[in-house]
Amino acid sequence: MNLHETEYGRRFFNSQLPNLIKALERIAENLSAPKQSLSADFVADPDFLHDLYYGDYEPSVFKTQSEHQKQLNHNASMAEELLRQKMGNSPEAMAAFEAYQLAAGECSSIVAEQAFESGYQTAVQMLVAGLIPSENKFSAEAPLTVQELRKMDGEQVFCLDMNEEVRVVARKKGFIQVTNDKEIHRITGLTLYRHRPSWCQ
């Protein structure tokens, strides 16, 4: 008896092979799709890596100041000058003021460092999240693996061969089976999806 004359052979040639071809076509289409490029407004600093490596890189926020920021800096300088005038010639008051300035400067420096670390970590997280395909987008379109099914004991999945929802019966060891509450089938030769694929009518 030839393979195509057996039940498994008919299932393979009539269902699994066409679905495999469709899946490969979708993968090829996704791989050949044009990738999103950087915005045309973005201009890379040619010395960025050099300056970053030698510790000379300074964010642009510290290189340029808005008119509002310049006004705030001016107001702070005027307030400091007025405070010094009010303290007069008291050495104790001046010493206390200098100590306050030093302590406030150290606190401000720590806060700025924490803000830098937080911003850098957030940016990296955003980049990594953008590189990882959305699980929800592809999980229903790709057949489940044995490793995935092993962790889905009791969950409902879609069986393409039976064209219905079935429940997974899986243990840490042994065969993995599915059931529609009438019959129990081993997963060998079955194509199972987390949900009914959009292309399956």
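1. In this predicted model, the side chains of Asn-180 and Glu-164 are joined by a polar contact of 3.0 Å. The side chain of Asn-180 also reaches the backbone nitrogen of Lys-182, at 3.0 Å. Asn-180 sits in the loop between strand 3 (177-179) and strand 4 (184-186), and with a relative accessibility of 18% it counts as buried. Apart from neighbours within four places in sequence, the contacts of Asn-180 are Met-162, Glu-164, Glu-165 and Val-166.

2. The loop between strand 3 and strand 4 also holds Asp-181, whose side chain meets that of Arg-167 in a salt bridge (3.5 Å, N to O). Because Arg-167 belongs to strand 2 (residues 164-169), this pair ties together parts that are 14 residues apart in sequence. Asp-181 is exposed at 65% relative accessibility, whereas Arg-167, with a relative accessible area of 30%, is partly exposed.

3. Over the whole structure, a search finds four salt bridges, and another of them links the side chains of Arg-84 and Glu-98 at 3.2 Å, N to O. Arg-84 lies in helix 4 and Glu-98 in helix 5 (residues 91-131), so the pair ties together parts that are 14 residues apart in sequence. Both are partly exposed, with relative accessible areas of 25% for Arg-84 and 37% for Glu-98. Through salt bridges that share partners, Glu-80, Arg-84 and Glu-98 form one network.

4. Within helix 4 (residues 67-87), Glu-67 and Lys-70 are three residues apart, which means that about one helical turn separates them. They form a salt bridge in which the closest N and O atoms are 3.8 Å apart. Glu-67 is exposed, at 61% relative accessible area, while Lys-70 is partly exposed, at 42%.

Definitions and conventions
Residues are numbered from 1 along each chain as its sequence is written. This is a predicted model: local features need pLDDT of at least 70, side-chain atom pairs count only at pLDDT 80 or more; totals for chains, interfaces and linings use all residues. Side-chain values use heavy atoms; hydrogens and water are left out. Helices (H or I, at least four residues) and strands (E, at least two) are DSSP runs, numbered from the N terminus. Buried means under 20% relative accessible area, exposed over 50%, partly exposed in between (1.4 Å probe, protein chains only). A polar contact is a pair of N or O atoms within 3.5 Å; within protein, one must be able to donate a hydrogen and the other to accept it, and residues adjacent in sequence count only if both atoms are side-chain atoms. Contact means heavy atoms within 4.5 Å.
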